[in-house]
Amino acid sequence: MSFTADLSCASQCFNCSALRSWDYLCTPAFSSTNALPFRSLYSKPPTLLRLKSRRYWIACQGMTETEPDNDEEKDKDVASSNKLLDQEVKVENNEEEFVAQNSDTVKDDELEFAIGSPLPGMKQQFDETMKISKAIIDILKDQVFGFDTFFVTSQETYEGGVLFKGNLRGKPAKSYEKITNRMQGKFGDQYKLFLLINPEDDKPVAVVVPKQTLQPETTAVPEWFAAGAFGLVTIFTLLLRNVPFLQSNLLSTFDNLELLKNGLPGAFITALIIGVHEFGHILIARDTGIKLGVPFFVPSWQIGSFGAITRILSIVPSREDLLKLSAAGPLAGFAAGALLLILGFILPPIDGIGIVVDPAVFHESFLAGGIAKLLLGDVLKEGSPLSINPLVLWAWTGLIINAINSIPTGELDGGRISFAIWGRKTSTRISGVTIALLGVSSLFNDVAFYWTVLVFFLQRGPIAPLADEITEPETKYIGLGVAVLLLGLLVYLPYPFPFYNEGVNFDF
């Protein structure tokens with residue numbers, strides 16, 4: 001057929017001209033990954049597409065011929081048509097043979113797995129049987145995701161799952177719910193969806209992993225046994241902390257064990273505040289369906305305990321749920337500690353003497369110093385020894401433990417609060433700055449030194465991925481989180497104003 005006839009065919013049949021363009025695109029020059037980056041989106045290789053385009057081009061060619069003028073030309077056209085039909089049959093046979101010979105190769109070559117997991121901070125229990133096949137990836141891309149939820153533009157396959165890049169549509173929480181429902185309708189509970197932010201370009205990505213890979217790791221020593229051992233040591237350090245004689249003479253502790261009973265009241269008050277803190281976490285965990293591990297109480301010979309480390313065993317649904325869980329403990333602990341601190345200032349000592357302290361001690365905490373000034377008034381003055389109820393010091397210790405856990409770094413309560421409010425990228429920067437500041441303060445304070453070491457080796461993160469890291473918490477919960485961070489600052493920042501027993505002189 002002449003060039004004119006080809007143009008006629010292209011003008012009369014859009015599908016034919018489209019396929020003719022495919023025939024051009026599928027030449028060797030355009031079949032490489034660099035020239036045709038969307039090649040991986042198709043399940044058939046370019047050679048097969050070319051065969052198909054050729055067959056339809058032949059059919060179109062036969063339909064667009066002009067009507068012959070005489071019988072001789074008709075006979076020629078019949079012979080030509082039969083020849084074209086024979087060519088088409090051969091093309092179909094070649095196509096079927098090509099598919100049969102290369103079907104396995106297509107599956108293996110087109111699906112390459114990168115080593116590792118697409119989920120930061122999460123260890124997956126993985127083996128070869130858990131890989132997501134190409135057929136399932138196609139179903140996820142074409143039938144689970146969609147224009148109304150998350151329009152997929154590309155994907156990256158990993159041993160532990162698949163990362164989809166694309167455009168998120170509508171509200172993230174609603175889209176997550178729709179995608180999850182569709183995925184459960186197709187596969188049941190076999191797979192878990194994560195909506196995350198790509199740290200490279202700050203754009204949403206969707207990650208799908210087999211649920212079997214998300215099982216928590218087993219430990220060589222039972223968790224409850226290790227937690228019990230740490231708990232016993234913590235009880236000992238809490239008692240030791242409240243017996244000044246033994247604290248200054250550690251080597252004589254085992255020769256004077258009977259003195260430890262003198263530390264029972266103080267140990268009880270501090271342990272009560274820590275227990276209230278942990279109970280706040282447990283209540284919210286039950287309400288949100290988050291599974292927690294056994295709390296590991298951390299001993300400290302300086303203040304009795306650093307609180308408890310509690311693992312989150314399940315996937316946290318959203319940033320709001322993480323915020324509620326993380327803020328509940330410190331809020332409960334601060335409330336209990338502040339109440340007991342106020343009672344300590346109001347109630348007289350049981351023995352009438354109490355503990356004699358220098359008022360300068362209240363300069364070490366803005367919160368404690370402010371409450372002392374508010375309740376004691378002119379009684380609190382620089383250089384004048386003051387007799388106080390020991391409940392003040394016991395409650396103050398509990399507040400310090402809460403404040404330490406509210407520091408915005410790593411996997412501490414404060415670090416999780418920071419993550420929930422500002423997202424992974426910003427909270428990571430805040431965590432790094434905080435660790436650096438802790439490192440500087442550890443040069444001047446032994447409590448800060450031990451806490452910095454503990455955080456760096458056990459709690460520095462990163463925080464495990466949430467199911468939906470894109471949806472921001474409600475404003476009221478953000479306010480609670482910010483309140484926890486501010487309360488922590490008020491506890492461990494110094495009180496800068498002097499204590500006077502008379503009015504301030506404004507004369508110059």
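Me: Which residues form one aromatic cluster?
Reply: That cluster is made of Phe366, Tyr495, Phe497 and Phe499. Rings of Phe, Tyr and Trp (its six-membered ring) pair if their centres lie within 6.5 Å; planes under 30 degrees apart count as stacked, over 60 as edge-to-face and the rest as tilted.

Me: Before we go on, what kind of model is this?
Reply: It's a predicted model: local features need pLDDT of at least 70, side-chain atom pairs count only at pLDDT 80 or more, and totals for chains, interfaces and linings use all residues. Residues are numbered from 1 along each chain as its sequence is written, and side-chain values use heavy atoms, with hydrogens and water left out.

Me: OK. How many aromatic pairs does the structure hold?
Reply: There are 11 aromatic pairs. Take Phe145 and Phe164: the ring centres are 5.0 Å apart and the planes sit at 50 degrees, so that pair is tilted.

Me: Where do Phe145 and Phe164 lie?
Reply: Phe145 is in the loop between helix 5 (134-144) and strand 1 (150-158), while Phe164 is in strand 2 (residues 161-168), so the pair ties together parts that are 19 residues apart in sequence. Helices (H or I, at least four residues) and strands (E, at least two) are DSSP runs, numbered from the N terminus.

Me: And is Phe145 buried or exposed?
Reply: Buried, with a relative accessible area of 3% for Phe145. Phe164 is buried too, at 0%. The cut-offs: buried means under 20% relative accessible area, exposed over 50%, partly exposed in between (1.4 Å probe, protein chains only).

Me: What about Phe147 and Phe151, how far apart are the ring centres?
Reply: Those centres are 4.7 Å apart with the planes at 20 degrees, so this pair is stacked. Phe147 is exposed at 59% relative accessible area, and Phe151 is partly exposed at 29%.

Me: Switching to charges. What sits over the ring of Tyr477?
Reply: The charged end of Lys324, 5.2 Å from the ring centre. To count, NZ of Lys or CZ of Arg has to be within 6 Å of the ring centre and within 35 degrees of the ring normal.

Me: Now helices. At what angle do helix 12 and helix 15 cross?
Reply: The axes of helix 12 (residues 391-405) and helix 15 (residues 475-492) cross at roughly 130 degrees and come within 9 Å. Axes are lines fitted to C-alpha atoms, for helices over the stretch in contact, and angles run from 0 to 180 degrees between N-to-C directions.

Me: Which residues meet there?
Reply: From helix 12 you have Leu399, Ile400 and Ala403, and they meet Gly488, Val491 and Tyr492 in helix 15. Contact means heavy atoms within 4.5 Å.

Me: Val392, what does that touch?
Reply: Leaving out residues up to four places away in sequence, Val392 touches Leu341, Gly344, Phe345 and Phe362. Val392 lies in helix 12 and is buried, with a relative accessible area of 0%. The C-alpha atoms of Val392 and Leu340 are separated by 7.3 Å, and these residues are 52 apart along the chain.

Me: Last one: how many helices and strands does the chain have?
Reply: The chain has 15 helices and eight strands. Buried residues make up 41% of its 508 residues.
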